[in-house]
Amino acid sequence: MTDNTEKKVIPAKDASIKLASINTLLKNKGLEAMAEALDQNRNSILKANRKDLEYAEQLKNQGKISQALVDRLKVNDSKIDGMIAGIRDVMELEDPTGKTLSCLELDEGLELYQVSCPIGLIGVIFESRPDVVPQIMSLCLKSGNATIFKGGSEAFNSNRTIFNILKEAIEEIGDIPAKAFQLMETREEVMDILALDSYIDLLIPRGSNAFVKFIQDNTRIPVLGHADGICHVYVDNEADIEKAIDVCYDSKVQYPAVCNAMETLLVNSDIASKFLPEMIEKFVKAGVEVRLDEKTYTIAEDKGIRGLKKASEEDWSTEYNDLILSVKMVDSMNEAIDHINRYGSHHTDCIVTKSKDKRRTFTELVDSSSVMVNASTRFADGFRYGKGAEVGISTNKIHARGPVGMEGLLIYKYILLGNGDRVSDYTGDKAKKFTHRKLDKQISDII
């Protein structure tokens, strides 16, 4: 471990204990200060981002990063407005810590409380997207978690500027332990972070599938996230054509460089010749490179649509993060479900249909963290789900799944309130019996 890492991680771990006890009023005061600071320092943020964009364009031209990463890096006034709105939305959320999840009487006068609490020290490693910093810092502050940030070199100036603005705003409050939030900036520190399982309680990686996979494969720290965002829209033979076109177009074109954008369109064979020509032409006009299987290629060719490509087997398991789309014809909803569960990443998948029975079957059998019915895959987002912001999207099946807000940054502890009680009284021939009776009581009313 480098000296710089020790100087940041150990104080953050120590500060996490104090941060966990900060009251809601003080947390919200800190959040409002963060929001105001971003608003007052727009020019500094935009100036820093311009430097990063210039550097990122050089890296892209050298083939070192993708256009998708460049797109994610861009910050403008609208993005800053979104950062501010996200922080203020978190302010409006109920403080999730210290809540009684259950209360069980073990015996008269011996009560067991299950109480929500912060996880501790969160490590966030991300590529591009400077808006990750205010999103996660606000959620971590409200949930009482200390945070170590490590962004990519392509966003060095933006990350540093935004982080310093937010941290200085917190420091001015005075009673919030600002050392709980630290920024790492060197490549060597990434490997240091991955080895710090004795300090860091949870890692959240944000970036490409290769990047996330690397994090998952090189640490013993629990990782919350997803490696791929291979999302599908299935257009059923009982779909409303106009709605299907709107949903598919938005899912692909609205913002193609993100993990919840559609990568594969599945179309029922009964509706393909009616739906596909108009849909493909609309995609082509938007600059989408459409890759078709043999059957859909034939339909497009017969309609006089030219300049299209044929899909390969590899396309079904590819996350493009770009204006590229693979299209496949299926003969039934069950075939679509099988394709999604085989090639998808269990992230976000959609069905467009008017059939109530098919909606139910699709939502039950598609094994994804978010399943949409007649709505764009792009809705899979913490802010849109009413979480204020998100720490990431998880395809895990334990702890937290889908767009993860503060609930993914919480764990719980057990608090047992007694009166000199002894286990020995509950063993042996004359052992007392446990009542194990559920109680409607709150720990906040007791201590």
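Cys117 is buried, with a relative accessible area of 12%. This residue belongs to a predicted model, in which a search of the whole structure finds 0 disulfides. The points below cover the cysteines, the nonpolar cores and the aromatic rings.

**Cysteines**
- Cys140 is likewise buried, at 0% relative accessibility.
- The closest cysteine sulfur to that of Cys117 belongs to Cys140 and is 14 Å away, which is too far for a bond, because a disulfide requires sulfur atoms within 2.5 Å.

**Nonpolar cores**
- The largest nonpolar core has 69 residues, and those touching the most other members are Met34, Leu38, Met137, Phe181 and Leu203.
- Apart from that core lies another, of 33 residues, which includes Met279, Phe283, Ile299 and Val352.
- Beyond its neighbours within four places in sequence, Leu203 is in contact with residues including Gly123, Ile125, Ile193 and Pro222.

**Aromatic pairs**
- The structure holds 5 aromatic pairs.
- One of them joins Tyr249 and Phe283, whose ring centres are 6.2 Å apart and whose planes meet at 15°, so the pair is stacked.
- Tyr249 lies in helix 10 (residues 241-253) and Phe283 in helix 11 (residues 269-285), so this pair ties together parts that are 34 residues apart in sequence.
- Tyr249 is partly exposed, at 26% relative accessible area, whereas Phe283 is buried, at 1%.
- Tyr426 and Phe434 are also stacked, with ring centres 4.5 Å apart and planes at 5°.
- Tyr426 is buried, at 11% relative accessibility, while Phe434 is partly exposed, at 42%.

**Charges over rings**
- Lys282 lies over the face of Tyr249, 4.6 Å from the ring centre.
- Lys310 lies over the face of Tyr297, at 5.0 Å from the ring centre.

Definitions and conventions. Residues numbered from 1 in each chain as written. Predicted model: local features only at pLDDT ≥ 70, side-chain atom pairs only at ≥ 80, totals over all residues. Heavy atoms only, no water. Buried < 20%, exposed > 50% of the residue type's maximum accessible area, 1.4 Å probe, protein only. Core = buried A, V, L, I, M, F, W, Y, C linked by side-chain atoms within 4.5 Å. Contact = heavy atoms within 4.5 Å. Phe/Tyr/Trp six-rings, centres within 6.5 Å; stacked < 30°, edge-to-face > 60°. Helix = DSSP H or I, 4+ residues; strand = E, 2+ residues; numbered from the N terminus. Lys NZ or Arg CZ within 6 Å of the ring centre and 35° of its normal.
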